[in-house]
Amino acid sequence: MIEFGNLTKCDLHTHTCFCDGKDTPEEMVLSAIEKGLETIGIATHSYTENGSSYCIKKERVKEFQLHVNALKIKYADKIRVLCGVEQEYFSNCSLDGYDYSIGSAHYFYVNGKYYHIDMSKDYLIDCVNKEFGGDIYSACEDYYEKVGNVIEKTGADIIGHFDLINKFNENNALFDVNHPRYVNAYKKALYKLLKTGKPIELNTGAISRGYRTEPYPHTDIIKIIKENGGKLILSSDSHNANNIAFQFDVWQKLL
């Protein structure tokens, strides 16, 4: 596994105009330099066969890698630039050419169909009603089953937004995070992942986009991670240059 260095002065989960981000890789690098980071990871969503619009196009992967590698050289005296990929659970694309990967699960796969987990609150509710008989905890169990296997499935270096299912659940709007079924589901996944020794993101992306007031994972999950010697790594999940290292100064205390 690549050594990331000072985990409070790096941001490895970012997205650019090569996938669903707004800004160019160079604009992201310049923002990271301005904010005093030592390492910036320029990542893309891996291509998936279901054709999601937010993923990089298969034919642009090499272009992306060459582009980021050029930035490594251009800004070598100012910051360490790494080329990364957020490897989706359902993606079979090669990790060749990347410096590191983030393992994430963004979909349910039910009755031969893919459903986004983090598209919108209403979309999630519709999916639960249609495919899980209205049982939100059944959907959560399905999600965490995938999350628990995300390192085994993707071979990633970092565990991405562990409790993404909680994105639209501020103040328990959709389900109770203390419900036994929910707790059992995430604990089963978490203890499995902790055995891998891989760092787990402390992800501020949902805060910057106005969905949450605290980062992923939930504070109860963070407590278990720390009690079991797990490692947390700050990430912004930034989709624009302004949000690089978003609120890292606020949340680095949780590391």
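These are my notebook entries on a few residues that I looked up in the structure.

**Ground rules.** I am working with a predicted model, in which local features need pLDDT of at least 70 and side-chain atom pairs count only at pLDDT 80 or more, while totals for chains, interfaces and linings use all residues. I number residues from 1 along each chain as its sequence is written, and side-chain values use heavy atoms, with hydrogens and water left out.

**Arginine 181.** I looked up where arginine 181 sits and found it in helix H6, residues 180-194; helices here are DSSP runs of H or I with at least four residues, strands are runs of E with at least two, and both are numbered from the N terminus. I noted arginine 181 as partly exposed because its relative accessibility is 31%, the class that falls between buried (under 20% relative accessible area) and exposed (over 50%), computed with a 1.4 Å probe on protein chains only. Setting aside neighbours within four places in sequence, I listed Asp135, Tyr137, Ser138 and Glu141 as the contacts of arginine 181, a contact being heavy atoms within 4.5 Å. With the side chain of aspartate 135, the arginine 181 side chain makes a polar contact at 3.2 Å, and with that of glutamate 141 it makes another at 2.9 Å. For a polar contact I require a pair of N or O atoms within 3.5 Å, where within protein one must be able to donate a hydrogen and the other to accept it, and where residues adjacent in sequence count only if both atoms are side-chain atoms. I also recorded 10 Å between the C-alpha atoms of arginine 181 and isoleucine 136, which stand 45 residues apart along the chain.

**Backbone entries.** Most residues other than glycine have a negative phi, and most peptide bonds are trans. Against that background I noted asparagine 171, whose phi is positive at about 60 degrees, in the loop between strand E7 (158-159) and H6. Aspartate 237 also has a positive phi, near 50 degrees, and I placed it in the loop between strand E9 (232-235) and helix H9 (248-251). The peptide bond from tyrosine 216 to proline 217 is cis, with omega near -10 degrees, and proline 217 lies in the loop between helix H7 (205-208) and helix H8 (219-227).

**Leucine 254.** I found leucine 254 in the segment after H9, where, not counting residues up to four places away in sequence, it touches Leu202, Ile222, Lys226 and Leu232.
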